Amino acid sequence: MNWRAMRNTHFVAPTFAVLASLALISCGVPSGEQVNDPPLAGASIGGPFTLVNSAGETVKYSDFDGKYRIVYFGYAYCPDVCPTDVQRLTQGYNLFAEAEPALAEQVQPMFITIDPERDTQEVVGEFTSAFSPKLIGLTGTPEQVKTAADAFRVFYSKGAVSEGGGYLMDHSNIAYLMDRDGAPLATLPVDLGPDEIAAEIAKWTS
């Protein structure tokens, strides 16, 4: 699958529940006041899932207990947003790893598909390996994927199918940084670039 060769318009729908929770978290903090708690502290984001990796091995969210986690939902056939976001995420992680190599070993980036119909374990493996050997690609049955997406408040839906059988997926493109217990810390600014991503990872893991 040559996902880089695919080009199309792509709509990314916001996850309104997440945006609302972020707004509530930020309310009541005076401008310029030092904030010590992570932005997503206490938010109901993240939870148990069971998926499979590119080798066909069962992977559970609890397998990463004790490590920080970077979690991004997307799909390998995405023509623009997903590869751009994942590239920035991995570049940001790499910058962080250069500065904090020991701590970076305690951070696990993962890509979870929202298109299990096409994103087989081989496809997610090909997609993630194009960016970083550290990035884990996960897929599963439609039911397993929905369970994971619901836990992370991720919206997705299948677009219209073309005559050739192709389609796009509408989805929220939020990158989460989770703590060692799997609870949310912050979102990573994929819209700003690698330097800002690295700084945000360092801020909440050091």
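This is a predicted model: local features need pLDDT of at least 70, side-chain atom pairs count only at pLDDT 80 or more; totals for chains, interfaces and linings use all residues.
User: What makes Arg 69 and Asp 65 a salt bridge?

Analyst: The closest N and O atoms of Arg 69 and Asp 65 are 3.4 Å apart. The cut-off is within 4 Å, so the pair counts as a salt bridge.

User: Why is Arg 69 called buried, and what is Asp 65 called?

Analyst: Buried means under 20% relative accessible area. Arg 69 has 0%, so the residue is buried. Asp 65 has 48%, which falls between the limits of 20% and 50%, so Asp 65 is partly exposed.

User: How do you know that Asp 115 and Arg 118 form a salt bridge, and is Arg 118 buried or exposed?

Analyst: Their closest N and O atoms are 2.7 Å apart, and the limit is 4 Å, so the salt bridge is assigned. Arg 118 has a relative accessibility of 16%; this is under 20%, so Arg 118 is buried. Asp 115, at 2%, is buried by the same cut-off.

User: What makes Lys 146 and Asp 150 a salt bridge, and where do they lie?

Analyst: The closest N and O atoms are 2.7 Å apart, so the pair meets the 4 Å criterion. Both residues lie in helix H5 (residues 142-151), four residues apart, about one turn of the helix. Lys 146, at 43%, is partly exposed, and Asp 150, at 38%, is partly exposed as well; both values lie between 20% and 50%.

User: How many salt bridges does a search of the whole structure find?

Analyst: The search finds four, and the pairs above are among them.

User: Why are strands E5 and E9 said to stand at the edges of the sheet?

Analyst: The open sheet has five strands in the order E5-E4-E3-E8-E9, with mixed pairing. E5 (136-138) and E9 (184-188) each have a single partner strand, so one side of each is left without a neighbour in the sheet. On average, neighbouring strands are turned by 25° against each other, direction ignored.

User: How do you know that E8 and E9 pair?

Analyst: Pairing needs at least two bridges. Strand E8 (residues 175-178) and E9 share four, in the antiparallel sense, so they count as paired. One of the residues involved is Leu 177, whose bridge partner in E9 is Ala 186.

User: Which residues have the most contacts inside the largest nonpolar core?

Analyst: They are Phe 49, Phe 73 and Phe 152, in a core of 56 residues. Helix H2 (residues 81-99) gives the largest share of this core, six residues. H2 lies across E3, E4, E8 and E9, running at about 165° to E3.

Technical notes
Residues are numbered from 1 along each chain as its sequence is written. Side-chain values use heavy atoms; hydrogens and water are left out. A salt bridge is a side-chain nitrogen of Lys or Arg within 4 Å of a carboxyl oxygen of Asp or Glu. Buried means under 20% relative accessible area, exposed over 50%, partly exposed in between (1.4 Å probe, protein chains only). Helices (H or I, at least four residues) and strands (E, at least two) are DSSP runs, numbered from the N terminus. A nonpolar core is a set of buried Ala, Val, Leu, Ile, Met, Phe, Trp, Tyr and Cys residues joined through side-chain atoms within 4.5 Å. Axes are lines fitted to C-alpha atoms, for helices over the stretch in contact, and angles run from 0 to 180 degrees between N-to-C directions. Contact means heavy atoms within 4.5 Å.
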